[in-house]
Amino acid sequence: MTHLSFDQLSELAERADVDVTAGHLAECAECRATLERIRGLVRAARDLPRDIEPPAEVWAALRDRVAGERGRRSVVHVRRWWHNGWLATAAAVVLVLGTATFMAALARGKSAKAKAMMVATPPQAPPRSTPALLAVDRNYVATIRELREALATQRSELSPGTVATLERSLRVIDAAIAEARTALAADPANQALVDILAGHYAHEVDLLQRATELSSSD
Amino acid sequence: MTARPQLVSDDRAGELSLARRAAAGDEAAFEQLYRAHAGRVFALCVRMSGSRQRATELTQDVFVHVWERLDKWRGESALSSWIYRVAVNLVLSNARGEQRRQKHEITDADERMTHDDARPTTRADERRITHADVGRRTEEAIDLERAIAALPPGARAVFVLHDVEGYQHDEIARMMGTAEGTCRAQLHRARKLLIEALDR
């Protein structure tokens, strides 16, 4: 008698509709016994406990790992935010350069917009302190000085490339501030110039804040 | 043939809320989630890896993975099913990596198919499942756990997924990246090796 192979019996064990009273199985006690043994194994496997309690140290180690990951994520978040900050700064620089162009146009009276904003009094240099200028300065200059001092102490924590980029951006913003101050001194009643100057200051504060936060997060 | 393990919880909204809190950094919520599912994940890891120590590491990896992706779980399936699938994929992925690293210990799939005897486990005795691990389970179950741990990795994975966990051959083939016929052959081989080991 040719017996069924183990694989054949294992396949049959998968099926619930196998008739052991027919065919070879009806005649072969050995194959029936093997089939029943396989089914018993499958039942035993299915009855194994679903849960095995992990050692207590698993949770402790997991908690530490997640806390570590969370910490790394927050650094990455700061860095990403910082990266985005650079993009924002780049946009600000474009704005500053655009403003500088506008200021030049204003001085030369070449654009209609510039002409619209131009007042009868011609620009005067160097700028003098006016109430409007003093008010804007009062809001920003002290903050900028403090941030610059803080950044100076943390400068060594930033990469040379970052420092170079930062300084380049600051130079651009400072140039725009100087230009706006000159224009505002010449036209102290011009609210658009006040807003432009305040915007440049705000960009500088923002840039310096990001730089100090970056250096302290590294 | 076998039934898919039932979900731990039907309270999908509660699970979603728990998952959101855990994803947002609520440690208590994450611990609650861990406590609810760690037993099953650990059992899977022990049986699939054949090593309690490795299972300890894998269970951590599974829950770190879960924590990192909790915000992506939208509640379409039960949280338990989602976590369990993460565990299966990670354990299989780990096994594939281990296979690549330890070619001298684990032969390729074709070669494994020709073996008749259970490959003796290379794990240290203390890493194997012990009586303490299984508490008051019967001697038969203890013997079966030990025999499963001693199976060659490929056959063990298929046996655990099919006969213990209730996955179908096509699902296992997809998860393992092999042909369905290979899965069937591995299952038959695992069953044969187990019966031989248990009847000794």
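Colleague: What makes the 62 residues a nonpolar core?

Modeller: A nonpolar core needs buried nonpolar residues joined through C-beta atoms within 7 Å. In this predicted model, the largest such set has 62 residues. Cys45(B), Ala87(B), Val91(B) and Val158(B) have the most contacts inside it. Helix α2 of chain B, residues 27–49, gives the largest share, 11 residues. Apart from this core lies another, of 20 residues, including Leu197(A) and Leu207(A).

Colleague: Which residues does Val158(B) touch, beyond four places in sequence?

Modeller: Val158(B) touches Ile172(B), Cys183(B), Gln186(B), Leu187(B) and Ala190(B). The word "touches" applies because contact means C-beta atoms within 7 Å.

Colleague: How do you know which parts of chain B have pLDDT below 50?

Modeller: pLDDT is the predictor's confidence in each residue, from 0 to 100. Residues 1–9 of chain B are below 50. Residues 104–128 of chain B stay under 50 too. The model still has 19 contacts for residues 1–9, beyond near neighbours in sequence. For residues 104–128 it has 30, beyond four places in sequence. Over chain B, the mean pLDDT is 79, and 74% of residues reach 70 or more.

Colleague: What ipTM does the predictor give the complex?

Modeller: The ipTM is 0.73, with a pTM of 0.56.

Definitions and conventions:
Residues numbered from 1 in each chain as written. Chains lettered and ligands numbered in written order. Predicted model: local features only at pLDDT ≥ 70, side-chain atom pairs only at ≥ 80, totals over all residues. Buried ≥ 20, exposed ≤ 12 C-beta atoms within 10 Å, placed from the backbone. Helix = DSSP H or I, 4+ residues; strand = E, 2+ residues; numbered from the N terminus. Contact = placed C-beta atoms within 7 Å.
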